[in-house]
Each structure stands twice: as C-alpha cells, then as structure tokens.
Amino acid sequence: MQYHLGTTFLWKLRDDWQLTAQLEFFKRELGTHAYSSPADTIQITGYSTEGIPLLALGVRKTWGNLYLQPSVSLMRSPSVLDQYDRGNEWNDIRLGVISESDWGIGLRLEGGMKIYNRRGNYFLGGLRYQQGLILMDKMNAAVRYNERIGHVLSAKSRGTYAGLFVGYGINGHNLKSAGSRSPKRLYNDNKLLKHELSIEDGWYFMLYGGLRRRENPLSNEFTYSNTSGQFQAVLGYNYNRFSVETGYGNFSYNANYQIDFDGVEALVMKWEKYDMPIIPLTFKYHIPLNEQNTVRFGPSFSTYFGIRDQSKYRFISKGSGATITDEKEYRYTSESYSVRNLDHGRFIFNAGMFAEMSVFNSSFLTFKVSRNFASPDFVLIKGNYIIEGIPISIESPGNINGFMFDLGYKIPLKVLNRQLKQARKATA
C-alpha cells in the first residue's frame, strides 16, 4: 500500500466530453519476501520504494455527476535504484534491482462521482486502474540458507496499480476576472437544516489518515522512504467549542540503519517494517472564522496508548553480500537481530493545529499538522558487520516520533438522524 498524488487539467470538447491531461506521482512498492522454518528465520530479501512520475492524456465522458475517463500514460523509471546486491550474480542471474527500460507506457481507466457546491466547484472521488505495458524494473533477490544462496526470488515492475482517490475540482469560470459569472446553487431548507445540525453539540464519527516524517531521517533515500503512514477511526463528542474523541488507530514505523564506509554513503542500508496499533484520546478547541461557523481552526492535543508489546516479536538475519560502487567491490558478512524482552513504555503524545471546513452542508473536511513526541523505542535492532575485514557494530531503535500531516472527514451523527430532522422540520 502506498500513495499517489496528482492533478488533472480539463478542456471542453462538447457538452459531455472533455480532453484530459494528468500529471501524477505514485510511490511504488517492489519487494520479495522469503519464509522458512522455524519462523525466526524469516527474511526480507529485497525492497524498493522508488517513486514514478507520469503524464497521461485522455478523454472524459460525463453522465450527470458520474464520469468515465480512459487515457494513455508515459512513465519515467526511477533514475537511481537500489544498491541491494548490485553487481552480484548467481548461476548467471544478475542480482539486485535492474533497470530494463528508462520509460514505460500504460493504459488507464478512471471512474468517479462529482458533488457540486454553490459556485460550481466540486468534490470528487473514484477508482483508477493502470496497466503497464513495458517492463521497467526487475528485482532478483537472493534467498540465503546457512549463508549460502539457495534460490532467487524475482519481482517485476511495469507501473501497474489500482488506486482510490478523492479530490477537489475548480470550475474554470471561477478563475476568470471578477466580472465573469459563475454557476450558483442556492441553499434550500434541507441544506440549511443539515448545516445547523452539523454545528450543534453532539456525537460525531471521524476517519482520517496521513503521513509521518520520521525523526533523524536517513541521509540516503535511494531505497528507503523516511515517510510512514497512519490512520485513525474515532468517535467524538462536541460541546460548545470543545471536543473529545477516542477510537482505534495504527502507525507504521521502521527500525533502520545505514553504514557509511570508505567514503561511500549508505554502502549498506537495512530496515525492518513494523506496525503499532494505538488507542487515541484527543482534545480539540474550535475557533470559528466566520459567522456561519463553516470554517474553523484550533489546537489539538492527543495521548496514544500503544496496544502491542513489540519486543515479543523476534527478528534475526544472517548473510553475506557485496556492493560495487565506482567499479570497486566491497564484500561483507552480516548478522542482525532484534533485542528480546526490550522494556518499553506504551504512551505517546501529540500536539498540533487543525483546520476544518464544512462540506456538503452536513460534514467537515479536516486538515491537521502535528508532531508526535516522547514515543518510547518499541524495538531495537542490533547489527554486526565485517566489511572488507573491518568489524562494524550498529544499532537501530524504532519509534513513532515525527511530524504528521493528516486529512480527515467528520460527520456529525445528528445529520444522519431522520427522526430528529423530521421533528425540526415540523417545528419550523
């Protein structure tokens, strides 16, 4: 699972047809895993998270608020790939991540729904599928048993993916001079009632997620992303300008390290991925920015309780390898393992600012910038290497500190209460 971000430009051809041009960037997961028995010899044999930019041209057919959009895309393979096992061979099979083509071509199909506001702008959401046609990159990852290569696992990338997306569309009329006219959608009694219910005191449900930039990032991001993801699903209660919420969430994080040797940056780079499920408790204070209370912001404070005792999950890996840099080969042997029975705390703290805007006259779209701090080290990995005869020891803790960027959607439960709305209408 990874993210994709982009923008689309539309030009009218006919009333229900448009020409489209898309610029997009998607983060690629390319990796292989080997499992052996007993379970403590599980190993990750190779991993790549390089990003791929693309340009797509197509057409969009619209039926009311629904649309379908086929297109053709041109992709650029990453210019820098993994150092993993680069230059090595086994039984005449090249190991590592190999670039087969600098460019790729894909066929895309996208479908979605638009919900308009009064100015003719719209929120949209939908599904997208891209089928890559040209093999761009290939990973041949060696699986070692008793420090000897037993076989090779392969993974290939053509830039194929399926994705979900949400977005916001701006009507071109609204970008013209002040004298131009833009479509207007007048409020009716139902919309006004939903808006009034949405800003009253009461319970609400909220789902949000985003990205976290980890502290002390690695200096070399060729094969590793310093960004991790998180999500939360919470139930909250709003009273005057205060709100409190709790529920369930999950943070992804890594224990990682890189070894700089002989003037070569990140000659060796290793990491292990983990997840920490949490129970959040969050307090917010809302400051309205207009009389309608449709836009507001304020501070947010949270405490997260980590549910999992990560130290009970054991990791151990032994092996050997080589890296070729500037036509010079460096050979090494390695042993890495997680510290058993690591004592760690369970509480993490978060502080930040949020802003929310009323959408659909009944709910709120929220953007939050915050920082996790005081997170305990949930895992500690130690590594012992011998590189060209020189012993090197290193250790890597894993926690969930760092800056976070979250996008959320909140819906007050009163808006979903039909009996309450009917009673309000009858009273009015």
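Predicted model: local features only at pLDDT ≥ 70, side-chain atom pairs only at ≥ 80, totals over all residues.
Mentor: Residues are numbered from 1 along each chain as its sequence is written, and side-chain values use heavy atoms, with hydrogens and water left out.

Trainee: Why is Lys61 called buried?

Mentor: Buried means under 20% relative accessible area, exposed over 50% and partly exposed in between, using a 1.4 Å probe and protein chains only. Lys61 has a relative accessible area of 16%, and is therefore buried.

Trainee: What makes the pairing of the Lys61 and Asp16 side chains a polar contact?

Mentor: A polar contact is a pair of N or O atoms within 3.5 Å, where within protein one must be able to donate a hydrogen and the other to accept it, and residues adjacent in sequence count only if both atoms are side-chain atoms. The side chains of Lys61 and Asp16 make such a contact at 2.5 Å.

Trainee: Which residues is Lys61 in contact with, leaving aside its neighbours within four places in sequence?

Mentor: Contact means heavy atoms within 4.5 Å, and Lys61 is in contact with Asp16, Trp17, Leu66, Tyr67 and Leu68.

Trainee: How do you know which residues of helix H1 are buried?

Mentor: Helices (H or I, at least four residues) and strands (E, at least two) are DSSP runs, numbered from the N terminus. In H1, residues 189-198, the buried ones are Leu193, His195, Leu197 and Ser198, and their cover includes strands S23 (347-359), S24 (363-373) and S27 (402-412) and helix H2 (418-427).
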